[in-house]
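Today I'm looking up aromatic rings and what they pair with.

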Amino acid sequence: MFKAYTYTHTSRELKEMHNLLRESYDHNEVPSNWFFSRFENWHYAHNYNIDKRDIDNLSDKIRLWRNYDGKLVAFCISEYSKGDYYIQVHRKYREVEDEVIQWIIDNTTGMIKIYAFEEDTYRIEKLKSYGFQCEGHIGNIYAYDLSKILYQKHLADGFRASTLAELEDFHTFFEAKDAAFPHAGSSKERFINKSRAPGYYYEWNIITMSPDERCASFCTAWPDFQCNMAEIDPVGTHPDFQQKGLAKAMLVETFQRLKKAGIEMAYIGTGAEPFPANYIYKSLEPIHKFKELSFIKED
């Protein structure tokens, strides 16, 4: 019924993968696949304009499945390290997951790790049937219905909301990102790559400017106007300006802007508790909190 294909990193494949993710969105269901923003970040920030040797390496970490009409119905992707897989399946063809899981097992030596949301009982039962065991809770996705955003949160005196589209000197933006995420590498280099993505908009990079015109906090919204949804990633505050309520006020501002632009749902992903950002995201009154679990299988 399905046939597996080697990944070749063509523009056609990338478009099909993007469309599969978009077609899987449903505001009333668990977001079992990546959002398109994570896929674009994977492609543009890490795998853009790569050479043949890199593509050969990717073909060992990615596999595609099509039905006999040629439609892409699933792919698995090892985002960073071999053995660490994310399964992306079109919701109308979930039976292909048996083939995907078996391919991962057959083509991986050592420990295998696959992810599923706690609410996705279909995938969890599949993984257990292949000998996977739940390792634990590793992350959360918070879902916000923007039609129900009624609260207000104002910035501290002297601070103001702005965007990258209005910022003349990006140095202060890069300085804030490097300080907030000191182990993530050069924010300038990531920005150069990531800003090529079709879903990356300067005007949807919301920033908070301090009274002395420093970038104090920031977040990037990735709106999908076709599906009326958006993911917000990343969110950060310069250490010099933490504990002032800036991140929450900035996110409220971002929600309001997204709502005005016609976006109905917004999602924010974060690490599992006790990751500190959970306190902020819970206080913003999400309608759902989806728990991501990791499942492992030893060789």
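This is a predicted model: local features need pLDDT of at least 70, side-chain atom pairs count only at pLDDT 80 or more; totals for chains, interfaces and linings use all residues.

Is Y86 buried or exposed? I looked it up: Y86 has a relative accessible area of 11%, so it is buried (buried is under 20% relative accessible area, exposed over 50%, partly exposed in between, with a 1.4 Å probe and protein chains only).

Residues are numbered from 1 along each chain as its sequence is written, and side-chain values use heavy atoms, with hydrogens and water left out.

Next, I searched the whole structure for aromatic pairs and got 27. Rings of Phe, Tyr and Trp (its six-membered ring) pair if their centres lie within 6.5 Å; planes under 30 degrees apart are stacked, over 60 edge-to-face, and the rest tilted.

I checked W65 and W103: their ring centres are 6.0 Å apart and the planes sit at 85°, so this pair is edge-to-face. W65 is in strand β2 (residues 62-67) and W103 in helix α4 (residues 97-106), so the pair ties together parts 38 residues apart in sequence. Helices (H or I, at least four residues) and strands (E, at least two) are DSSP runs, numbered from the N terminus. W65 is buried at 2% relative accessibility, and W103 is buried at 13%.

Back to Y86: its ring and that of Y115 have centres 4.4 Å apart and planes at 15°, so they are stacked. Y115 is buried too, at 9%.

Last entry: I found a cluster linked by ring pairs, with F170, F191 and W222 among its members.
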